[in-house]
Amino acid sequence: MENTPATLLENTHQEIARACKASKRSPDDVTLIAVSKTHPADRIAPLIDAGQRVFGENRVQEAQSKWPQLLEQHEGIELHAIGQLQSNKAEEAVALFDCIHALDRMSLVKALAKAMDKAGKQVPCFIQVNIGAEEQKGGCAAADLPSLIASARDADIPLAGLMCLPPATIEPAPFFAHLAKLADDNGLDGLSMGMSGDYPIAVQLGATHVRVGTALFGARG
Ligand SMILES: *Cc1c(COP(=O)(O)O)cnc(C)c1O
């Protein structure tokens, strides 16, 4: 069978449904974010036509160059910022995105709060946790999470939950379970975790948002 955008989307929904069934969850509680980074608008449009409405991008500038026109042409699209965010891009990010998955430090809490205030637009944010304590990765240390959450709440930033990108080469399940525990400990419901290679296990461990690129669009160039 040919892998059209519609069949890839259908396969992904079926995988999510299977994982939900295995863990006695409802598929309605899992949002599929189609990660369209690096893919041009003419690769994205067929997925929209197949029914997908939630998309993720990791660079503000790239998103600004391809999404305004797509948003004009299609109803009901939700755009999520999934990549590391520089504080000086906060205003642009707040203007374009409906959700931000990369809140990971105090300076960004300040910049986003200021940008939301100025724009009169509240954008829900996931706090990114550096769950594998990897030096090269973004995300706040698990130990710093309570104070970062408190600061975000003080600044009236709506918190959607926690997000992580586990270490690339080892079994991700313990990291997903740890993130779920941290969210629970801190009174947060949302869990943005799981990518093409591991989203079924992330769903079994409580993911509410999975960020899937390659499985929907094929390999990035
Ligand atoms: C690129 C990216 C993804 C999607 O990765 P795939 O393996 O292509 O599904 C998910 N999350 C983040 C933060 C990314 O940068």
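A polar side-chain atom of R220 lies 2.8 Å from an oxygen atom of the ligand, a polar contact in the sense of a pair of N or O atoms within 3.5 Å. In K37, a polar side-chain atom is 2.6 Å from a ligand oxygen atom. The side chain of T214 likewise places an N or O atom 2.6 Å from an oxygen atom of the ligand. The residues around the ligand, those with a heavy atom within 4 Å of it, include V35, I82, M163, R211, V212 and G213.

The model is predicted: local features need pLDDT of at least 70 and side-chain atom pairs count only at pLDDT 80 or more, while totals for chains, interfaces and linings use all residues. Residues are numbered from 1 along each chain as its sequence is written, and side-chain values use heavy atoms, with hydrogens and water left out.

V35, one of the residues around the ligand, belongs to strand β1 (residues 31-35). Helices (H or I, at least four residues) and strands (E, at least two) are DSSP runs, numbered from the N terminus. Because 4 of the 5 residues of β1 are buried, this strand is largely enclosed by the rest of the structure; buried means under 20% relative accessible area, exposed over 50%, and partly exposed in between, with a 1.4 Å probe and protein chains only. Strands are said to pair if DSSP finds at least two bridges between them. β1 pairs in the parallel sense with strand β8 (residues 209-212) over 4 bridges, and T31 stands opposite H209 in β8. With strand β2 (residues 54-57), β1 pairs in the parallel sense over 2 bridges, and here V35 stands opposite G56. β1, helix α2 (residues 41-49) and β2 form a right-handed β-α-β unit; right-handed means that, with the strands pointing away from the viewer, the path from the first strand over the helix to the second runs clockwise.

The loop between α1 (5-22) and β1 contains P27. P27 counts as partly exposed because its relative accessibility is 42%. Leaving aside residues up to four places away in sequence, P27 touches A17 and C20, where contact means heavy atoms within 4.5 Å.

β5 and β6 run parallel and are joined by 4 bridges; F126 stands opposite G161 in β6. β5, α6 and β6 make a right-handed β-α-β unit. β6 also pairs in the parallel sense with strand β7 (residues 190-192), over 3 bridges, and L162 stands opposite L191 in β7. From β6 the chain crosses through helix α7 (residues 173-185) to β7, and this β-α-β crossover is right-handed.

Helix α5 packs against several of these elements. Its buried residues are L108, V109, A111, L112, A113, A115 and M116, and they pack against α4 (90-96), β4 (99-103), β5 (125-128) and α6 (145-154). The expected span of a helix is 1.5 Å times one less than its number of residues. The 14 residues of α5 (residues 106-119) should therefore span 20 Å, and the end C-alpha atoms are 20 Å apart, which agrees. Just after α5, G120 takes a positive phi of about 60°.

Notes. A polar contact is a pair of N or O atoms within 3.5 Å; within protein, one must be able to donate a hydrogen and the other to accept it, and residues adjacent in sequence count only if both atoms are side-chain atoms.
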